[in-house]
Amino acid sequence: MTDGVLMPEELDRIFRAEFGQAVATLIRVFGDIDLAEDAVQEAFVVAARTWPSRGLPPNPGGWITTTARRRAIDRLRREAQRDDRQAQAALLQEQTTGREEVGPVSDDQLRLIFTCCHPALAVETRVALTLRLLGGLTTAEIARAFLVSDSAMEQRLVRAKRKIRATHLPYRVPEEHELPERLRGVLAVVYLVFNEGYLPTAGGEVARADLCTEAIRLARLLAALMPDEPEVLGLLALLLLTEARRRARASAGALVTLPDQDRSRWDRELIAEGQELVRRCLRRNTPGPYQLQAAINAVHSDAPAWEATDWRQILTLYDQLAALARSPVVTLNRAVAVAEVEGPEAALAQLEGLALERSHLLHATRADLLGRLGRHDAAAAAYRRARELTDNEAERRFIDDQLDDLGPPGHTP
């Protein structure tokens, strides 16, 4: 608010913060995702029309939920008069449970997270639904993240909600014996949301702050609701420590890699919070994959400069991570640490036969190692292959700069 005027950015902030809570509450009450989503959107339309003149209510989230519930009831009554049995059933459910307190709103959100991330849905669909129903992102925003048209994403979301309704996917937190497997899927979705924000698949942006912020909000929600799950805390720590570097990753729209970043621009508050979470995790259990990745980032955040990084400790942590979750991506990242401890030749050997030939990151890493060994023509070829495989314009500009530094074939920089 500025001089009693509700600014658009303030309404947007409230929308991002309250949309998921309100939708989750109405889904619990009415059992209908479309009804809940439409009613909450209508409530925000009313808010945008009335709040600037009447002022912000004391509890904006409660106002939105109450208004949305009334809108949903009105719609159900209209449809029930047309002998819509589903509307009649939902209206009866509201009449019998709507005035009851069935746990805090945050519990409703946790149920919705697990519904969106049910293993019966494809992974990309889980991410899209989570962004739509809990983050309030528009269909266009989600479509951009997935490199598809708005209409294709709209159809994907419609099919997912139809499948939830038709197959009666449970709107609940899994039983204790189900939790480890289901929780891994939920954490993976939040991690994928963050990664798309931190390193967008396409477009000209170095990062998408909206997706990073939303992933951290979801991770905080999970940590608040499941404080005894160490991998939840590990994921939150990982996101915070990575996000802390985001401002330093760009300069005049150009990508700045970790060795060249101005570390005075790192967010020390996020680093302190992330490091404390890492200490909490490592004190009380054998760390899982997210905790180990967070610990690796904590070591990076301790170093005042790239040259002062404790690479042996990082390599030890990567060895533990590889023992738990060996994957081509872990091997690729571990190779960076190997290069600093054992040299680029040893790191190159780690990349041989790695099943990431369609990943620009593999070729960019190989190019850097080849360049350090003085094999400049091979490095240039690897950079060109990396450029072919990325649709992110900021990364392409960075690769072009590396190619310029290498010079023409046969040139020794």
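Student: What is the relative accessible area of Arg 385?
Tutor: The model is predicted. Buried means under 20% and exposed over 50%. Arg 385 is partly exposed, with a relative accessible area of 29%.

Student: Which residue forms a salt bridge with Arg 385?
Tutor: The closest N and O atoms of the pair are 2.9 Å apart. Both residues lie in helix H18, three residues apart, so about one helical turn separates them. Arg 385 pairs with Glu 388.

Student: Which residue forms a salt bridge with Arg 28?
Tutor: The link joins distant parts of the chain, from Arg 28 in helix H1 to a residue in helix H5, 80 residues apart. Both partners are buried. The closest N and O atoms are 3.2 Å apart, and the partner is Asp 108.

Student: How far does H2 reach from its first C-alpha to its last?
Tutor: H2 covers residues 33-54, which is 22 residues. The expected span is 32 Å at 1.5 Å a residue. The model comes close to that, at 30 Å.

Student: Where does H2 bend?
Tutor: The bend is about 30°. A proline, Pro 52, follows within four residues. The bend is at Ala 48.

Methods. Residues are numbered from 1 along each chain as its sequence is written. This is a predicted model: local features need pLDDT of at least 70, side-chain atom pairs count only at pLDDT 80 or more; totals for chains, interfaces and linings use all residues. Side-chain values use heavy atoms; hydrogens and water are left out. Helices (H or I, at least four residues) and strands (E, at least two) are DSSP runs, numbered from the N terminus. The expected span of a helix is 1.5 Å times one less than its number of residues. The bend at a residue is the angle between axes fitted to the seven residues ending there and the seven starting there. A salt bridge is a side-chain nitrogen of Lys or Arg within 4 Å of a carboxyl oxygen of Asp or Glu. Buried means under 20% relative accessible area, exposed over 50%, partly exposed in between (1.4 Å probe, protein chains only).
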